[in-house]
Amino acid sequence: MGTSVLSLRIDKELLDRLRRHAAKRGMSVQDYVVRTLIRDDFDERFSAAVEETERFYGVT
């Protein structure tokens with residue numbers, strides 16, 4: 001499995017929150033974000049968010 005780069009532009013407040021969460025776990029911000037994205041329940045939460053968005057916008 002190879003790696004790729006994902007660049008994000010986020011505001012200072014969000015970055016500060018990510019730093020605090022990562023520090024609590026003894027992790028870098030990058031590691032914290034990656035681990036958050038690959039959690040087992042990511043697919044379920046993503047699907048639920050898509051369904052909720054579709055209901056909100058009336059997509060059938």
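Predicted model: local features only at pLDDT ≥ 70, side-chain atom pairs only at ≥ 80, totals over all residues.
Local features need pLDDT of at least 70 and side-chain atom pairs pLDDT 80 or more, while totals for chains, interfaces and linings use all residues. Residues are numbered from 1 along each chain as its sequence is written, and side-chain values use heavy atoms, without hydrogens and water.

Helix α1 covers residues 12-24. Helices are DSSP runs (H or I) of at least four residues, numbered from the N terminus. α1 has 13 residues and spans 18 Å from its first C-alpha to its last, close to the expected 18 Å. The expected span is 1.5 Å times one less than the number of residues. Just after α1, Gly26 has a positive phi of about 65 degrees.

The whole structure holds 2 salt bridges, each defined by a side-chain nitrogen of Lys or Arg within 4 Å of a carboxyl oxygen of Asp or Glu. Asp16 pairs with Lys12 at 3.0 Å, N to O. Asp16 also pairs with Arg19, at 3.7 Å. These shared partners join Lys12, Asp16 and Arg19 into one network. Asp16 is partly exposed, at 22% relative accessible area, whereas Lys12 is exposed, at 62%. Exposed means over 50%, buried under 20%, and partly exposed in between (1.4 Å probe, protein chains only).

Arg17, Arg20, Lys24 and Arg25 form a positive surface patch. Leu6, Leu8, Ile10 and Leu14 form a nonpolar one, with about 380 Å² of accessible area together. Patch residues have over 30% relative accessible area and no salt bridge; like charges are joined within 9 Å, nonpolar side chains within 5 Å. Accessible areas come from the Shrake-Rupley method with a 1.4 Å probe. Lys and Arg count as positive, with charges placed at NZ of Lys and CZ of Arg.

Key. Helix = DSSP H or I, 4+ residues; strand = E, 2+ residues; numbered from the N terminus.
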